[in-house]
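Subject: Structure handover and findings

Hello,

Please find the structure below, followed by notes on what was found in it. Definitions are given where each term first comes up.

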Amino acid sequence: MNDWKAVLEQNPDLANQIEKVEFRKMGNRTTVCVAVLKNGFELTGFSATGEQAEYNREIGRYWAMMGVTRRYTSLMDRGVIRGLEKPTANSVKTEDPPKEEPADPGKFTCFADDPTACGYPKCDCDK
């Protein structure tokens with residue numbers, strides 16, 4: 001399964017700490033994920049393909065979220081991230097992260113789940 005939400009389902013302690021998640025396509029074959037924790041700390045992860053033709057949005061998001069998970073685990077193990085709720089054995093996030101929106105008018109890549117409903121000016125989606 002290459003669904004980024006499945007990564008959070010497998011890591012409920014991280015899921016409970018996340019306030020919001022943003023994904024961006026950078027260039028032609030790189031996906032970047034920024035997960036903002038409830039204490040304001042930002043974790044990043046990324047994925048990239050070797051060939052532009054191999055780029056897949058959902059697979060990119062999955063591997064970018066895996067990068068966030070690895071970073072979270074590493075930083076928690078070293079005590080770098082502070083001010084979070086204590087993880088519990090049954091911690092589960094029940095709501096989806098907010099739907100991402102284009103960051104600034106200079107970007108032209110559409111990330112709308114339904115490009116026909118995008119409404120973003122200068123977007124490259126097929127409205």
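W63 is partly exposed, with a relative accessible area of 41%; buried means under 20% relative accessible area, exposed over 50%, and partly exposed in between, using a 1.4 Å probe and protein chains only. Y62, by contrast, is buried at a relative accessible area of 13%. The model is a predicted one, in which local features need pLDDT of at least 70, side-chain atom pairs count only at pLDDT 80 or more, and totals for chains, interfaces and linings use all residues. Residues are numbered from 1 along each chain as its sequence is written, and side-chain values use heavy atoms, with hydrogens and water left out.

Rings

The structure holds two aromatic pairs. One of them joins Y62 and W63 edge-to-face, at 5.0 Å centre to centre with 90° between the planes. Rings of Phe, Tyr and Trp (its six-membered ring) pair if their centres lie within 6.5 Å; planes under 30 degrees apart count as stacked, over 60 as edge-to-face and the rest as tilted. A further ring feature involves Y55: K25 lies over its face, at 4.5 Å from the ring centre. A charge sits over a ring if NZ of Lys or CZ of Arg is within 6 Å of the ring centre and within 35 degrees of the ring normal.

Fold and confidence

The chain has three helices and three strands, in the order α-α-β-β-β-α along the sequence. Helices (H or I, at least four residues) and strands (E, at least two) are DSSP runs, numbered from the N terminus. Of the 127 residues of the chain, 33% count as buried. Among contacts with a separation of 6 or more, 48% are between residues 24 or more positions apart; contact means heavy atoms within 4.5 Å.

The average pLDDT of the chain is 76, and 64% of the residues score at least 70. pLDDT is the predictor's confidence in each residue, from 0 to 100. Residues 86-98 stay under 50, and the model has 16 contacts beyond four places in sequence for them. Residues 102-109 are also below 50, with 14 contacts in the model beyond near neighbours in sequence.

Core

The largest nonpolar core has 19 residues, of which L14, L43 and M65 touch the most other members. A nonpolar core is a set of buried Ala, Val, Leu, Ile, Met, Phe, Trp, Tyr and Cys residues joined through side-chain atoms within 4.5 Å. At least two residues of this core come from each of α1 (4-10), α2 (12-17), β1 (18-26), β2 (30-37) and α3 (57-77). The most come from α3, which gives six residues. Leaving aside neighbours within four places in sequence, L43 is in contact with L14, C33, V34, A35, L37, V68, R71, Y72, L75 and I81.

S47 lies in strand β3 (residues 42-48) and is buried, with a relative accessible area of 12%. A polar atom of the S47 side chain lies 2.9 Å from the backbone oxygen of G60. Not counting residues up to four places away in sequence, S47 touches R29, T30, T31, G60, W63 and A64.

G45 is also found in β3 and counts as buried at 6% relative accessibility. Apart from neighbours within four places in sequence, G45 is in contact with T31, V32, C33, A64, G67 and V68.

A64 is found in helix α3 and is buried, with a relative accessible area of 0%. Outside the four places on either side in sequence, A64 touches F23, T31, V32, C33, G45, F46 and S47. The C-alpha atoms of A64 and T44, 20 residues apart along the chain, are separated by 7.9 Å.

Two other positions

N16 lies in helix α2 and is buried, with a relative accessible area of 15%. The C-alpha atoms of N16 and L37 are 8.9 Å from each other, and the two residues are 21 residues apart along the chain. G27, in the loop between β1 and β2, counts as exposed at 58% relative accessibility. Its C-alpha atom is separated by 9.5 Å from that of Q52, 25 residues apart along the chain.

Regards

Definitions and conventions: Polar contact = N/O pair within 3.5 Å; in protein donor to acceptor, adjacent residues only side chain to side chain.
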